[in-house]
Amino acid sequence: MARGSKDGPMVRPDSGLYGRRIMVRFENVGMRYGPGPEVLRDVTFQLDPGSFTFLTGPSGAGKSTLLKLMYLAEKPSRGLITLFGNDLATSKRSAFPPLRRRIGVVFQDFRLLAHMSAFDNVALPLRLAGAKPDDYTQDVEELLNWVGLGDRLNAVPPTLSGGEQQRVAIARAVVARPDLLLADEPTGNVDADIGQRLLRLFGELNRLGTTVLIATHDRSLIERSSARELRLVDGRLVELRQPRA
Amino acid sequence: MTARILPREKGAAPLDVVIGVMAFLATLALGASLLAQRQAESWRAGLADRITVQILLPEHETLGRTMENETEAALQILRSTDGITDVTAMSQKDAMTLVQPWLGADAMVKDLPLPQLIDAGIQPGANMNIASLTARIKAVAPDSNVDDHSHWIGRLQSLANTVIWAAYAVLALIAIATASAVSFATRAGLEAHHDIVELLHGMGAKSGFIARAFEWHYFVSTLAAAAAGAGVAALAFLLAGGLEFAGVEPVPFLPPLGLHPGELAWLLAVPVVSGLIAWATARLSVLAALREIY
């Protein structure tokens, strides 16, 4: 997997330079869309560097909204969010693109670019980071091979099945080895074997230092893991399980 | 080769047709202003640096005054004046040719007492005192008048300037309409590709990266559409020039419609400027739209 960008060498958030900085911190965060009711209420939690967390909760509990706040797609109605040591409320807009490039997101609806091949979709984060095709072609091909799409490099998303599209979306989210990986129902469209394979990919990435948060309904996925579990109920966050050693 | 960020659009979009038509009109307006400029210059060159002396038939020939005597005296004054380069007395036959289009050529017209015309050239840049010259000629030919064409040149110049400025105004209006259409289309394009913009923005693409994808897209498509429109207009000017070259009578009262090669080169400015307007508008629209996203 590719690494680094033209913004300078990437440093792990838990390395000496970052000290013991927290990867993500929410303090009394509330969120409402327009004049509607609050979707999230007084959400307070933090993700430590290199942690692996499941986010669960019923449909409509606010999981996707919480993820949107984390990948800077929405601004909270109230409360404080700290990302990679940056207080978002006081950060300039120009500071956001480099922060966003440190986050990999697997969207529930994949959000692949329909006119681009699987290869070009996966390579997109590396292009945005300023890498040249010669630098990333091999990495992208290896990653697509790893997720079982080595023979579909040039296929465009409309010709791929739901499961194949999901694997392209996951490959795109992890190709730049982000510091923070957020995944919204990443195993929703794949069979159990592929689901386990993808979970191993997330685990491997986590062992290399990436902080992972997976929003899922899949209890079997959670039960097979010893990771921390946060649960959203009616917009409030409760911690169900601490990570097992 | 890296993939395009924006999908390629199939076929000519309505915007391309609008831009092509507007480029056609802009090219016609630009060509018309070039023709008007050239015509104004030829009018000025044709009349400037020349004077015409008109000797009327004396009312009382009995006093020994004849038109021939007064013409000869006026010719001598003109020839002896510093700054006059050439002097020609127009024959009666030539004078008849001049009035023929208005009065016809029958016997009655031939009996008309036509004045004697004298055409004289002035050395370019010579500081000629027309009032003094007029007074000296009037002394030998009281029923004469001296015309240095300044009145006509002024009126023709202001007519040509009116035509040129009208063409510039049409050009400016078309440029504003083109910029508005491109701006509207860019915003519509942004709306249509909102998912792409949002995804790129969310993945950490800098505003400049996203704007570049749009501005290049609209620069190329506008350049192509405007080149097609300007090409048709240039063809029309070439055709008009070809007809004149082939001896087909030009439109009465209008200057020759064919453009010279140097003037045709100016028409290239229409697609280039259209493309640049599209480029700038697309960039500003995209950056403004991105500022509205968190």
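Colleague: Among contacts in chain A between residues at least 6 apart in sequence, what percentage join residues at least 24 apart?

Modeller: In this predicted model, 70% of those contacts in chain A join residues at least 24 apart. For chain B, residues 24 or more positions apart account for 83% of the contacts with a separation of 6 or more.

Colleague: How should I read a sheet, and what is the order of the strands in the open sheet of chain A?

Modeller: The general idea is that strands of a sheet pair through backbone hydrogen bonds, either parallel or antiparallel. Here the open sheet has 4 strands in the order β2-β1-β4-β5 of chain A, and the pairing is antiparallel. Its edges are β2 (38–47) and β5 (86–87) of chain A, each of which pairs on one side only.

Colleague: How many bridges join β1 of chain A to β4 of chain A, and over how many do β1(A) and β2(A) pair?

Modeller: Strand β1 (residues 24–32) and strand β4 (residues 78–83) of chain A run antiparallel and are joined by 5 bridges, with Val24(A) having Leu83(A) in β4(A) as its bridge partner. Between β1(A) and β2(A) there are 6 bridges, again in the antiparallel sense, and Met31(A) stands opposite Leu40(A) of β2(A). These two strands, β1(A) and β2(A), form a hairpin with 5 residues between them, and in its turn Gly34(A) has a positive phi of about 60°.

Colleague: Which residues does Ile22(A) touch, leaving out those up to four places away in sequence?

Modeller: Ile22(A) lies in the segment before β1 of chain A, and with those close sequence neighbours left out it touches Gln46(A), Asp48(A) and Thr82(A). Ile22(A) and Leu83(A) are 61 residues apart in sequence, yet their C-alpha atoms are 7.8 Å apart in space. Ile22(A) counts as partly exposed because it has 18 C-beta neighbours inside 10 Å, and a buried residue would need 20 or more.

Colleague: Which residues other than glycine have a positive phi near 50° or 55°, and are they buried or exposed?

Modeller: One of them is Asn28(A), whose phi is near 50°; Asn28(A) is found in strand β1 of chain A, and it is exposed, with 12 other C-beta atoms within 10 Å. Another is Arg111(A), with phi near 55°, which is found in the loop between β6 (103–106) and α3 (118–128) of chain A. Arg111(A) has 19 C-beta neighbours inside 10 Å and therefore counts as partly exposed.

Colleague: Which residues touch the most other members of the largest nonpolar core?

Modeller: That core has 84 residues, and those touching the most other members are Val122(A), Leu144(A), Ala171(A), Leu181(A) and Leu182(A). Leaving aside neighbours within four places in sequence, Leu181(A) is in contact with Gly104(A), Ala173(A), Val174(A), Phe202(A), Leu205(A), Thr210(A) and Val212(A). Apart from this core lies another, of 27 residues, among them Ala23(B), Leu35(B), Ala185(B) and Ala226(B).

Colleague: How many residues of each chain are in contact across the interface, and what ipTM does the predictor give the complex?

Modeller: The size of an interface is often given as the accessible area lost when the parts come together. Counted by contacts instead, 20 residues of chain A meet 12 residues of chain B. On the side of chain A that touches chain B, α2 (96–100) and α3 each supply at least two residues, and α3(A) gives the most, with 5 residues. The residues of that side divide into 11 nonpolar, 2 polar and 7 charged. As for confidence, the predictor gives the complex an ipTM of 0.82 and a pTM of 0.69, while chain B has a mean pLDDT of 82, with 91% of its residues at 70 or more.

Note on methods. Residues are numbered from 1 along each chain as its sequence is written. Chains are lettered from A and ligands numbered from 1 in the order in which they are written. This is a predicted model: local features need pLDDT of at least 70, side-chain atom pairs count only at pLDDT 80 or more; totals for chains, interfaces and linings use all residues. Two strands pair if DSSP finds at least two bridges between them. A nonpolar core is a set of buried Ala, Val, Leu, Ile, Met, Phe, Trp, Tyr and Cys residues joined through C-beta atoms within 7 Å. Two residues are in contact if their C-beta atoms, placed from the backbone, lie within 7 Å. pLDDT is the predictor's confidence in each residue, from 0 to 100. Ala, Val, Leu, Ile, Met, Phe, Trp, Tyr, Cys and Pro count as nonpolar, Asp, Glu, Lys and Arg as charged, and the others, Gly among them, as polar.
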